[in-house]
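Me: I'd like to learn how to read a structure like this one, feature by feature. Can you walk me through it?

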Amino acid sequence: MAKLKIVTVGDDILRKKSRPVTEITPRILQLLDDMKDTLHAANGCGLAAVQVGVLRRIVLVETEPGNLIEMINPEIIAREGEQQDIEGCLSVPGKYGVTTRPMTVTVKAMDRNGDWFVVTGSELAARAFCHELDHLDGVLYIDHAKMLTDDQLEELYEEE
Ligand code: ZN
């Protein structure tokens with residue numbers, strides 16, 4: 001188990017563009033394993049490699065516990081509909097905001113064996129796909145979210 005340190009907002013690396021993975025080396029496989037441990041330890045539903053300080057186009061999404069999706073060089077190939085909901089980010093601790101995202105998103109990506117696959121997600125999964133893929137281009141949800149006020153945050157925590 002190797003939990004990595006999550007980079008938080010203010011660190012310039014979060015604004016950089018990640019580079020494609022050209023070869024799935026043992027180091028990349030180790031990174032995938034470490035990112036999984038880091039995501040689980042943080043109780044998150046998605047993590048991009050840049051959030052652990054590695055500028056590679058790799059993201060993990062796990063919006064249903066136990067159904068971890070590892071995506072290497074992911075690309076959105078279809079978007080449909082629209083939704084608005086509350087979003088947060090492990091790199092922006094303690095904050096939440098409302099974003100507008102597609103209702104359904106289809107992503108093409110490579111798995112750890114180097115095989116391409118296509119996955120479609122709606123609602124939370126669609127938001128997570130968009131959010132994590134944005135990280136690969138240095139985009140954070142706070143760039144376009146309507147952030148919740150302290151009062152709204154308090155209400156949100158009371159509901160939980
Ligand atoms: Zn994030």
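Reply: Let's begin with burial: a residue is called buried when its relative accessible area is under 20%. Bear in mind that this is a predicted model. Take His 135: its relative accessibility is 1%, so it counts as buried.

Me: And what is the relative accessibility of His 131?

Reply: For His 131 the value is 6%, so that histidine is buried as well.

Me: How do I check the length of H2?

Reply: Count 1.5 Å a residue: the 12 residues of H2 should span 16 Å, and the end C-alpha atoms are 17 Å apart, which agrees.

Me: Is H2 mostly covered or mostly open?

Reply: Mostly covered, with 10 of the 12 residues buried. Among them are Ala 125, Phe 129, Cys 130 and Leu 133.

Me: Now sheets. In which order do the strands of the open sheet run?

Reply: As a general point, side chains in a regular strand alternate between the two faces of the sheet. In this model the order is S4-S5-S8, three strands with antiparallel pairing. S4 (83-89) and S8 (146-147) are the edge strands with a single partner each, so one side of each has no neighbour in the sheet. Between S4 and S5 (residues 92-101) there are six bridges, and Gln 84 faces Thr 100 across that pair. H2 (residues 124-135) packs on this sheet, touching S4 and S5, and its direction makes about 50° with that of S4. Helix H3 (residues 150-159) packs on the sheet too; H3 touches S4, S5 and S8 and makes about 95° with the direction of S5.

Me: How many bridges join S6 and S7?

Reply: Seven, in the antiparallel sense, between S6 (residues 104-110) and S7 (residues 116-122). Val 105 stands opposite Gly 121 there. The hairpin has five residues between its strands, and Gly 114 has a positive phi near 90°.

Me: What about the core? Which element supplies the largest share?

Reply: A nonpolar core gathers buried nonpolar residues whose side-chain atoms come within 4.5 Å of one another. The largest one here has 20 residues, and Met 71, Val 105 and Phe 129 are among those with the most contacts inside it. H2 gives five residues, the largest share. A second, separate core has 14 residues, including Ile 28 and Leu 39.

Me: What does Phe 129 touch?

Reply: Leaving out residues up to four places away in sequence, its contacts include Val 61, Ile 69, Met 71, Val 107 and Val 119.

Me: Where is Met 71 found?

Reply: In strand S3. At 0% relative accessibility, Met 71 counts as buried. Its contacts beyond four places in sequence include Ile 58, Val 59, Ala 109 and Phe 117. The C-alpha atoms of Met 71 and Arg 112 are 8.0 Å apart, although 41 residues separate the two along the chain.

How values were computed. Residues are numbered from 1 along each chain as its sequence is written. This is a predicted model: local features need pLDDT of at least 70, side-chain atom pairs count only at pLDDT 80 or more; totals for chains, interfaces and linings use all residues. Side-chain values use heavy atoms; hydrogens and water are left out. Two strands pair if DSSP finds at least two bridges between them. Helices (H or I, at least four residues) and strands (E, at least two) are DSSP runs, numbered from the N terminus. Contact means heavy atoms within 4.5 Å. Axes are lines fitted to C-alpha atoms, for helices over the stretch in contact, and angles run from 0 to 180 degrees between N-to-C directions. Buried means under 20% relative accessible area, exposed over 50%, partly exposed in between (1.4 Å probe, protein chains only). The expected span of a helix is 1.5 Å times one less than its number of residues.
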